[in-house]
Amino acid sequence: MFNFFKKKPKEVLDCLGYYEIKPYHYFESNMTYAKDELVIRNEFVRVFTRLYKSTLFVFTFVDNEKDFVKEQYNYEALKDKIDAIITEEHKAVIHLIVFKNNNEETVRIAKESVVNTKKEFNQTFVYDAQKIRLKYYRPVPSFYSLYAHYVEAIVFDLGAIDIEMR
């Protein structure tokens with residue numbers, strides 16, 4: 001009779017956690033709204049950037065992972081192109097990669113170890129089109145001072161609806 005007293009079974013995840021998100025095709029309009037600047041656009045990848053409180057945000061959207069080489073899209077590889085757009089000095093970098101396709105290859109890349117420091121934070125997401133969420137496979141270190149800026153990037157730039165860590 002009163003089902004609201006019944007606990008819902010906990011969802012078994014195939015990832016470490018996720019963020020509820022708008023559909024993938026909204027990301028580009030989110031970038032426009034947040035005033036992110038386009039760095040690269042081709043048939044496989046789009047890269048956007050913006051400066052927020054001395055932290056450089058870099059967003060890489062991978063529409064097709066065929067021949068994708070992560071090292072070609074890290075901050076160091078993109079630095080000259082980004083510096084041509086963002087001329088102000090920055091003290092830290094948050095780089096987020098989002099894969100459109102949810103498959104073995106993108107999950108493998110998302111699980112790869114990344115270097116996170118007090119001045120640089122990297123995270124890779126895989127878009128889940130069935131449940132409309134961004135899945136992540138590496139821990140999000142909330143104890144770093146960059147965490148607040150990371151949340152800014154997730155909510156404001158990517159348009160996450162629910163940022164509760166799971």
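View 1. Aspartate 83 is partly exposed at 26% relative accessibility (buried means under 20% relative accessible area, exposed over 50%, partly exposed in between, with a 1.4 Å probe and protein chains only). The model is predicted: local features need pLDDT of at least 70, side-chain atom pairs count only at pLDDT 80 or more, and totals for chains, interfaces and linings use all residues. Residues are numbered from 1 along each chain as its sequence is written, and side-chain values use heavy atoms, with hydrogens and water left out. Aspartate 83 forms a salt bridge with lysine 79, with the closest N and O atoms 2.7 Å apart (a salt bridge is a side-chain nitrogen of Lys or Arg within 4 Å of a carboxyl oxygen of Asp or Glu). Both residues lie in helix α2, four residues apart, or about one turn of the helix. Helices (H or I, at least four residues) and strands (E, at least two) are DSSP runs, numbered from the N terminus. Lysine 79 is partly exposed too, with a relative accessible area of 30%.

View 2. Arginine 46 lies in strand β3. Its relative accessible area is 8%, so it counts as buried. Glutamate 28 is partly exposed, at 25% relative accessible area. Arginine 46 also forms a salt bridge with aspartate 63, here with the closest N and O atoms 3.0 Å apart. Aspartate 63 lies in the loop between β4 and α2 (75-85), 17 residues from arginine 46. Aspartate 63 is partly exposed, at 24%. Glu28, Arg41, Arg46 and Asp63 are linked in a network of salt bridges. The whole structure holds 13 salt bridges.

View 3. Seven of the eight residues of β3 are buried. β2 and β3 pair in the antiparallel sense over four bridges (two strands pair if DSSP finds at least two bridges between them). Three residues separate β2 and β3 in their hairpin. Isoleucine 40 has valine 47 in β3 as its bridge partner. On to β4: eight bridges join β3 to β4, and the two run antiparallel. Their hairpin has two residues between the strands, and lysine 53 in the turn has a positive phi of about 45 degrees. Arginine 50 has phenylalanine 57 in β4 as its bridge partner.

View 4. Seven strands form an open sheet in the order β1-β7-β6-β5-β4-β3-β2, with mixed pairing. β1 (17-20) and β2 (37-41) stand at the edges with a single partner strand each, so one side of each has no neighbour in the sheet. Neighbouring strands are turned by 25 degrees against each other on average, direction ignored (axes are lines fitted to C-alpha atoms, for helices over the stretch in contact, and angles run from 0 to 180 degrees between N-to-C directions). β6 (residues 120-128) and β7 (residues 133-136) pair in the antiparallel sense over four bridges. Aspartate 128 stands opposite arginine 133 in β7. Helix α3 (residues 104-111) packs on the sheet, touching β5 (92-99) and β6 (contact means heavy atoms within 4.5 Å). The direction of α3 makes about 160 degrees with that of β6. Helix α4 (residues 147-157) also packs on the sheet; the strands touched by α4 include β1, β3 (45-52) and β4 (55-62). The direction of α4 makes about 50 degrees with that of β4.
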